[in-house]
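Hi everyone, thanks for making time. Let me put it on the screen.

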Amino acid sequence: MTRFWLGGYGPAMDGSAEGIGFLAGDAGREALTLSYRGAVAEAPSPSWLAQHPFLDVVYAALEGDAAVQAYARTGDAALIPIGERVAVGTSVCHLAVAPNGSSLVASCYGDGRVVRIGLDGAGRLAPARPDAAAALRAALFGDDDPDAAPATPPGDGVAAVDPHAAGGERVSHAHAAVFLPDGRVATTDLGFDLVRIWRVPADQGLILDHEVVLPRGTGPRHLVLHPSGHLHVVTEYSCEVFTLGPSPDGTWSIVSSTVATPIAQVGVDFPAELARTRDGQFLYTALRGSNTIAALRVRGGGDALEPIALADSGVDWPRHHLVHEGKLLVAGQRSDTVTLLDLDERTGAPLGIRHQAPVPTPTHFLPVR
């Protein structure tokens with residue numbers, strides 16, 4: 001059986017999810033059904049979920065509460081909170097866990113903060129140290145900001161990055177993070193049209209290494225690391241996918257870009273997630289607005305993309321999707337449904353909707369390990 005933890009929006013965020021949900025279905029390429037089994041842990045709008053790399057611990061971005069909470073799995077399909085929740089920033093919308101399980105990075109859309117939280121040996125979130133918070137807060141935000149959220153070095157808890165460092169009149173909107181093979185972290189800033197590369201020293205939170213500037217108004221949202229070592233970045237405002245590559249000196253730059261689909265309507269369509277097949281041959285992004293799925297083929301050594309197909313997602317406002325066992329699962333935030341789409345194994349094109357199931361305001365799938 002195929003099983004997923006489900007993130008969603010609760011009543012405080014105009015949704016109907018009661019917490020972290022549980023979705024089950026048939027396994028394999030011939031899977032026919034999906035069934036929502038209800039909430040398995042109470043949580044206020046757990047819009048994004050992340051798995052610890054080797055512990056049975058799941059982390060939830062509690063978007064409306066500006067906090068992150070850890071949950072331990074108990075039994076076959078139940079989660080219980082462990083440790084205290086940690087305050088991060090306004091509208092926390094994405095979590096990425098370090099491959100060694102030492103920390104996670106939370107991206108906050110509302111205030112642009114990128115926050116690194118230490119994890120202990122049981123996977124619990126490390127709390128902030130009051131004695132260290134004041135000094136670091138002053139260094140990051142200035143002494144005239146007494147209400148800024150506390151921050152501490154990663155070994156002891158939380159480390160926040162000043163979202164206004166890039167300057168200008170635009171508003172920072174951090175949206176996603178990915179750990180790179182060399183130990184650094186890449187994050188997107190949808191408001192400043194930047195991909196930032198951070199160093200992660202043992203005794204500090206995050207240190208800015210350099211920035212990759214995308215064209216103004218593109219709005220980089222989510223990113224995925226390709227097996228070739230390239231980064232593919234989908235843009236919410238311009239409906240494009242940019243490919244970034246590293247140079248020998250470790251700096252990243254744009255190597256190519258393409259439209260997600262030639263018929264995307266800028267200002268009407270707003271790409272959400274970017275997902276790839278396991279072998280990296282194909283990428284998929286969902287266009288909220290036309291409610292479609294755009295498929296792209298990866299060319300060359302992973303450094304170029306080609307739009308190949310566009311298909312109906314079967315949901316309203318496809319907030320998240322993932323490739324699983326040769327199929328595509330799509331979460332419809334506004335339709336309160338999830339769909340299962342067939343994928344052509346040879347061409348990568350979506351073939352049609354195999355199954356649809358009612359789910360309360362779904363926003364994220366996380367496979368149960």
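**Pockets, cavities and cores**

Let's start with the largest pocket, whose lining splits by class into 25 nonpolar, 11 polar and 9 charged residues. Before going further, please keep in mind that this is a predicted model.

So how much volume does the largest pocket have? About 1,400 Å³. Its lining counts 45 residues, and the ones closest to the centre are Val224, Ala275, Arg276, Leu322 and Val323. Which element gives the largest share of that lining? That is β24, with 5 residues. At least two lining residues each also come from other strands, including β4, β8, β12 (174–179), β16 (220–225) and β20 (270–276). The list goes on with β21 (282–288) and β28 (362–367).

Next, the second largest pocket, which has a volume of about 160 Å³. Here 13 residues form the lining, and Tyr9, Glu63, Arg221, Arg288 and Arg319 are the closest to the centre. By class, that lining holds 5 nonpolar, 3 polar and 5 charged residues.

Searching the whole structure turns up 4 cavities of 30 Å³ or more. The second largest cavity holds about 50 Å³ of space. Which residues line it? They are Ser47, Trp48, Cys93, His175, Arg221, His222, Arg319 and Thr363.

Let's finish with the packing. As a reminder, nonpolar side chains in soluble globular proteins tend to be buried together. In this model, the largest nonpolar core has 21 residues, and Tyr59, Val68, Leu95, Leu104 and Leu125 have the most contacts inside it. Two or more core residues come from each of β4 (46–51), β5 (57–62), β6 (67–73), β7 (79–87), β8 (92–97), β9 (103–108) and β10 (114–118). A separate core of 15 residues lies apart from that one, with Trp5, Phe22, Val40 and Ala41 among its members.

Beyond its neighbours within four places in sequence, Tyr59 is in contact with several residues, among them Trp48, Leu49, Ala50, Leu95, Leu104 and Leu125.

How values were computed:
Residues are numbered from 1 along each chain as its sequence is written. This is a predicted model: local features need pLDDT of at least 70, side-chain atom pairs count only at pLDDT 80 or more; totals for chains, interfaces and linings use all residues. Side-chain values use heavy atoms; hydrogens and water are left out. A nonpolar core is a set of buried Ala, Val, Leu, Ile, Met, Phe, Trp, Tyr and Cys residues joined through side-chain atoms within 4.5 Å. Buried means under 20% relative accessible area, exposed over 50%, partly exposed in between (1.4 Å probe, protein chains only). Helices (H or I, at least four residues) and strands (E, at least two) are DSSP runs, numbered from the N terminus. Contact means heavy atoms within 4.5 Å. On a 1 Å grid over the protein atoms alone, a cavity is a set of points where a 1.4 Å probe fits but cannot get out, and a pocket is an open set with protein on both sides within 12 Å along at least five of seven lines; lining residues have an atom within 4 Å of a point. Grid points are joined across faces, edges and corners, and a volume is the space filled by probe spheres set on the points. Ala, Val, Leu, Ile, Met, Phe, Trp, Tyr, Cys and Pro count as nonpolar, Asp, Glu, Lys and Arg as charged, and the others, Gly among them, as polar.
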